[in-house]
Each structure stands twice: as C-alpha cells, then as structure tokens.
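Here's a quick briefing to read alongside the model. Keep the viewer open and follow along.

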Amino acid sequence: MKFPVTLTPDEADGGFVVTFQDIPEAITQGETVEKALAMAKEALETAMEFYFEDNRAVPAPSKPKRGQQVVELAASLSAKVLLLNEMVTQNIRPAELARRLNTTPQEVNRLTNLRHITRIDGIAAALHALGKHLELRVV
C-alpha cells in the first residue's frame with residue numbers, strides 16, 4: 001500500500017509539512033524532504049493505530065499524481081490493514097472470526113494488533129475464513 005503525500009514548504013519554521021489526503025490523521029514535518037518523508041512513514045503507521053482502535057476501515061490509497069512522493073506501508077502492516085478492512089466490511093467481530101478459524105479471540109486480536117509480529121500465513125488463513133484470498137506478487 002503506497003499512500004501519496006503532499007509536501008508543503010513551512011514558511012514560518014522552515015522545512016516541510018507532510019500530509020496525506022487519504023489519511024488525514026497523519027500529519028508531520030521535517031527539515032528536509034528526506035527527513036520529512038522518514039517522519040511521514042512514522043506518522044502513517046501511527047495513524048493506522050487509530051483505525052484499528054476504532055475498528056474503522058482504512059481508506060485505500062489514491063493514485064499518486066505524476067512526480068508525487070509516496071510512503072509505502074510494510075507488507076505485514078498492509079496485510080493487517082486488508083484483514084481489518086474485510087472484517088469491517090463483513091461486520092465480523094474477532095469472536096466470530098476465531099470461531100471460523102477454530103482458535104481463540106485472543107489469537108485473532110493478535111492478528112489485528114499492529115505491534116504484534118504476525119506470520120503472513122495467519123493473516124492469509126483469516127482472510128480465507130472471510131472468503132478472501134491473499135495474493136502476493138513481485139513487480
């Protein structure tokens with residue numbers, strides 16, 4: 001998942017303010033473009049926590065404009081976002097997904113915990129239980 005960013009020069013303090021049109025909760029800044037983009041990755045990951053805590057679907061990233069910078073979520077985090085979005089879309093609670101997976105709700109909560117390291121197989125199995133298929137490819 002690659003989210004386009006807007007870098008706006010900060011006239012008052014110098015550097016750049018970074019915003020995401022798709023994820024308005026993620027706002028940060030940096031002294032240089034490189035530092036601003038590094039901070040943007042952290043801000044985007046932190047903003048994801050709000051969606052998970054509120055059990056809200058994460059908006060899909062829009063297509064970047066020509067030459068627009070993007071910030072990419074890690075593959076494991078992207079997979080967790082896809083799982084969350086599918087659970088929200090289908091209105092599936094962790095207890096129901098646990099029943100479908102023949103596991104405990106605590107195990108499902110770990111699958112959707114951004115701080116917990118999760119094997120991709122577990123996320124794929126959860127998506128399969130929701131009638132979806134996780135597909136990975138190299139481009």
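Predicted model: local features only at pLDDT ≥ 70, side-chain atom pairs only at ≥ 80, totals over all residues.

Residues are numbered from 1 along each chain as its sequence is written, and side-chain values use heavy atoms, with hydrogens and water left out.

**Overall layout**

- The chain has five helices and five strands, taken as DSSP runs numbered from the N terminus (H or I, at least four residues, for helices; E, at least two, for strands).
- Reading from the N terminus, the order is β-β-β-β-α-β-α-α-α-α.
- Taken along the principal axes, the C-alpha atoms fill a box of roughly 55 × 30 × 25 Å.
- Of the 139 residues, 34% count as buried; buried is under 20% relative accessible area, exposed is over 50%, and partly exposed is in between (1.4 Å probe, protein chains only).
- The accessible surface is about 8700 Å², with 52% of it belonging to carbon and sulfur atoms; the areas come from the Shrake-Rupley method with a 1.4 Å probe, and for residues only the protein chains shown count as cover.
- Looking at contacts (heavy atoms within 4.5 Å) with a separation of 6 or more, 57% are between residues 24 or more positions apart.

**The nonpolar cores**

- A nonpolar core here is a set of buried Ala, Val, Leu, Ile, Met, Phe, Trp, Tyr and Cys residues joined through side-chain atoms within 4.5 Å.
- The largest one has 21 residues, and Phe 20, Ile 23, Leu 44 and Val 58 touch the most other members.
- Helix H1 (33-54) and H2 each supply at least two residues of this core, and H1 gives the largest share, nine residues.
- Apart from this core lies another, of 13 residues, including Ala 98, Ile 123, Ala 126 and Leu 127.
- Beyond its neighbours within four places in sequence, Val 58 is in contact with Phe 3, Ile 23, Met 48, Tyr 51, Val 81, Leu 84 and Asn 85.

**The largest pocket**

- The largest pocket holds about 670 Å³ of space. On a 1 Å grid over the protein atoms alone, a pocket is an open set of points where a 1.4 Å probe fits, with protein on both sides within 12 Å along at least five of seven lines, and lining residues have an atom within 4 Å of a point.
- It has 20 lining residues, and the closest to its centre are Met 1, Ser 78, Leu 82, Glu 135 and Leu 136.
- Helix H2 (75-90) and helix H5 (120-129) each put at least two residues into the lining, and H2 has the largest share with six residues.
- By class, the lining has eleven nonpolar, three polar and six charged residues.

**Single residues worth a click**

- Ala 43 is in helix H1 and counts as buried because its relative accessibility is 14%.
- Setting aside neighbours within four places in sequence, Ala 43 is in contact with Ala 26, Ile 27 and Thr 28.
- Asn 91 lies in the loop between H2 and helix H3 (94-101) and has a positive phi of about 55° although it is not a glycine; Asn 91 is exposed, at 64% relative accessible area.
- Asn 102 lies in the loop between H3 and helix H4 (105-111), with a positive phi near 60°, and counts as exposed at 73% relative accessibility.

Notes
Points joined across faces, edges and corners; volume = space filled by probe spheres on them. Nonpolar A, V, L, I, M, F, W, Y, C, P; charged D, E, K, R; others polar.
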